[in-house]
Number of protein chains: 2
Amino acid sequence: MKISQLSRRTGVPVASIKYFRREGLLPAGRATAATLAEYGEEHVERLRLIKALTTLGGLSIAATREVLGAVDHAHSTESALGAISYALPVPVAAQPAGGTEEEAQAAASAQAEVAALIGAMGWEAPDTSPHVQGLAAALKELRRLEAGYTPGELAAYAALAESVARLDLERAAPLDDPVALAERAVIVFAICAPVFELLRRLAQEDQVRRRAARTDDAPGC
Amino acid sequence: MKISQLSRRTGVPVASIKYFRREGLLPAGRATAATLAEYGEEHVERLRLIKALTTLGGLSIAATREVLGAVDHAHSTESALGAISYALPVPVAAQPAGGTEEEAQAAASAQAEVAALIGAMGWEAPDTSPHVQGLAAALKELRRLEAGYTPGELAAYAALAESVARLDLERAAPLDDPVALAERAVIVFAICAPVFELLRRLAQEDQVRRRAARTDDAPGC
DNA sequence: AGTAACTGGATAGTGGCAGTATCTTGTAGG
DNA sequence: CCTACAAGATACTGCCACTATCCAGTTACT
């Protein structure tokens, strides 16, 4: 298959295919001559995955490269899952850290809060995990906005998150071929996050509507 | 307070403050002379919120403007919650829709799937809701990637999402002043989504670790 | 009154990202 | 041999979120 056919099959412009190849997201075709290369089904597949990660998952090109790299170097299924999880961008950008005394104290207390939560949930996570860092940063900022979680609230959310993660793993688990599993895992981890977010919004919408109905119907009660 | 003091108080460069004002995110100060304006605590507060939405919530300037507009025009608490929810960006970009016959069919079946889910959950949501649209688009794409949900899985996720939404509303509910509630709601809706996402990742990380331990320790079982 | 420092506002410029277009050289097939 | 297309390198574009510069007006201080 030549590049123009690959383009027609996937709906991705030729120039973009070349761009993805340049950026290391797509392997080069098998060269048959100095100015000719052959592409296969795996390229179609890979392009689909790239499109899904960038448009559905909202990943940047750089993040997509990381994630695909983790997929490709998936020796064992578990290491692949871990690598993918770490390669996904953390949705919280750490603040530049003012350097103030209280700043540092707030950061420390947020970290302690995260550690306490992890302990309470019986989870295992190294302090170096980007998720731990990101969570601490987010909690610190929320506290500053006077919208911090109580430990109880946080634990409640964490319990629900654990249930969601269990479902995620079940969805990813059935496959045993490392590559297939890695691809599935990418989809489940990266793209199903937006799906859950949408479900949550729908549920919020419904809750708001109920709340509105309650206060309208029975304003005095 | 002059603009330079506002800048020092918040850590936001003067040029950025001017930019936010230009973009309609920050109201102008009270002009005391042709080249002099007075800023107050509400500006400090608003800047904090802007920073939180853009860096923590990952919102674009345009989305932030939408959301803040919803906060400002919060007549009743419920309308504010709804407006904010709709103003938040949907994390799934709809595909350009190929126009093929099967494309259209896939889109229709995804929409039916969403409608069925909403019915099964007893939720109420108009078809025009951006969340409904986005969810249908995401499900369609996942099906195309051969990673679609079974109705049971989707329902399980939806049930968990409902629990999360209930917690969200509880966190937002205690306040009754519309403006305070709107600000709180923005934070809960926009910024706590990343927090939950991080919790989920942590839980996934733990689950993966457990799975790895299981297969390592008892490879034959 | 004079002047340095600062202010608000308008306008233009910067850097990064995600492509898109152009150009050169090299086949392939009739 | 000639036309059409292929591959790869390089340059360009549009958008976004700032950032810098410029100008005229104001203030504080001497």
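Analyst: **Protein and DNA**

DNA strand D has 20 residues around it, and the closest are Ile3(A), Ser4(A), Lys18(A), Thr35(A) and Ser16(B); a residue counts as near if one of its heavy atoms is within 4 Å of the strand. Keep in mind that this is a predicted model, where local features need pLDDT of at least 70 and side-chain atom pairs need 80 or more, while totals for chains, interfaces and linings take in all residues. As for bookkeeping, residues are numbered from 1 along each chain as its sequence is written, chains are lettered from A and ligands numbered from 1 in written order, and side-chain values use heavy atoms, with hydrogens and water left out.

Back to DNA strand D. Of its atoms within 4 Å of the protein, 71% are sugar or phosphate and the rest belong to bases. A backbone polar atom of Ala37(A) sits 3.1 Å from a phosphate oxygen. On the base side, a side-chain N or O atom of Arg22(B) is 3.1 Å from a base oxygen. Thr35(B) puts a polar side-chain atom 3.3 Å from a sugar or linking oxygen. Two or more residues of this surface come from each of helix H1 (3-10), H2 and strand E2 (36-38) of chain A, and from H2 of chain B; these are DSSP runs, with helices (H or I) of at least four residues and strands (E) of at least two, numbered from the N terminus. H2(B) gives the largest share, four residues. Sorted by class, there are ten nonpolar, five polar and five charged residues, with Ala, Val, Leu, Ile, Met, Phe, Trp, Tyr, Cys and Pro taken as nonpolar, Asp, Glu, Lys and Arg as charged, and the others, Gly among them, as polar.

DNA strand C is surrounded by 20 residues, the closest being Ser16(A), Ile3(B), Ser4(B), Lys18(B) and Arg21(B). Sugar or phosphate makes up 68% of its atoms within 4 Å of the protein, with bases supplying the rest. At least two residues each come from helix H2 (14-22) of chain A and from helix H1 (3-10), helix H2 (14-22) and strand E2 (36-38) of chain B. H2(A) contributes the largest share, four residues. The class tally near DNA strand C reads ten nonpolar, five polar and five charged.

Both chains supply residues to these surfaces, and here is how they meet each other. Contact (heavy atoms within 4.5 Å) links 83 residues of chain A with 83 residues of chain B. About 8000 Å² is buried between them, 65% of it from carbon and sulfur atoms; that is accessible area, with a 1.4 Å probe, lost on putting the two together and summed over both. On chain A's side, Tyr157(A), Arg201(A) and Arg211(A) lose the most area to chain B, together 9% of what that side buries.

Technical notes: Polar contact = N/O pair within 3.5 Å; in protein donor to acceptor, adjacent residues only side chain to side chain.
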